[in-house]
Amino acid sequence: EGTGIANFASANGYRIIVLQSRRTGAGQWTVTAYNNPAAGAASSLTAYATCERNAKGKAVSEVSALAPLVENGRSSADATCSKKAHVVSGGFNITPNGVGQVPAVGVDETLPVGRRGWHVALHDFVNVSVPAGAALRTYAYCKKG
């Protein structure tokens, strides 16, 4: 069935689902993933973060947007910085992400939108139930100027 995310018609082919990739503190970025036991082999994940120092009066702020996950379809959320700020990065969190409550989704878009926004989109695997209350939260990290 392949070595990465398979087609969206079956959840049996995926090996790993990234549930979170976001800033979780000053100088800290966290990536959380689910390793599918049905895939037959364990997967590994490597995460990289690019960091820069805050300039005086130019601390990073955070805004977010929430969207419910769509059963057998696409979900997306766009977070937008204030008019006096520009986006420097973005991230996401998919909930719930507890044992037995992992949404079977594939994030396929995470990118800046214009000068002030960050966009994340994903697709739910067909024939896999979305847990009640499942949602996508998109984060935009902003700096004034």
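Rings of Phe, Tyr and Trp (its six-membered ring) are taken to pair if their centres lie within 6.5 Å; planes under 30 degrees apart count as stacked, over 60 as edge-to-face and the rest as tilted. The model is predicted, and local features need pLDDT of at least 70, side-chain atom pairs count only at pLDDT 80 or more, and totals for chains, interfaces and linings use all residues. Residues are numbered from 1 along each chain as its sequence is written, and side-chain values use heavy atoms, with hydrogens and water left out.

Strands (E, at least two residues) are DSSP runs, numbered from the N terminus.

Accessibility is described as buried (under 20% relative accessible area), exposed (over 50%) or partly exposed (in between), with a 1.4 Å probe and protein chains only. W29 is partly exposed at 28%, whereas Y141 is buried at 1%. Y141 also pairs with Y139, in a stacked arrangement with 6.3 Å centre to centre and 0° between the planes. Y139 is buried as well, at 7% relative accessibility. Together, W29, Y139 and Y141 make up one aromatic cluster.

Strand β2 also has a pairing of its own: β1 (residues 16–25) and β2 pair in the antiparallel sense over eight bridges, where pairing requires that DSSP finds at least two bridges between two strands. G25 stands opposite Q28 in β2. Two residues lie between the strands of this hairpin, in which G27 adopts a positive phi near 75°.

Conventions
Helices (H or I, at least four residues) and strands (E, at least two) are DSSP runs, numbered from the N terminus.
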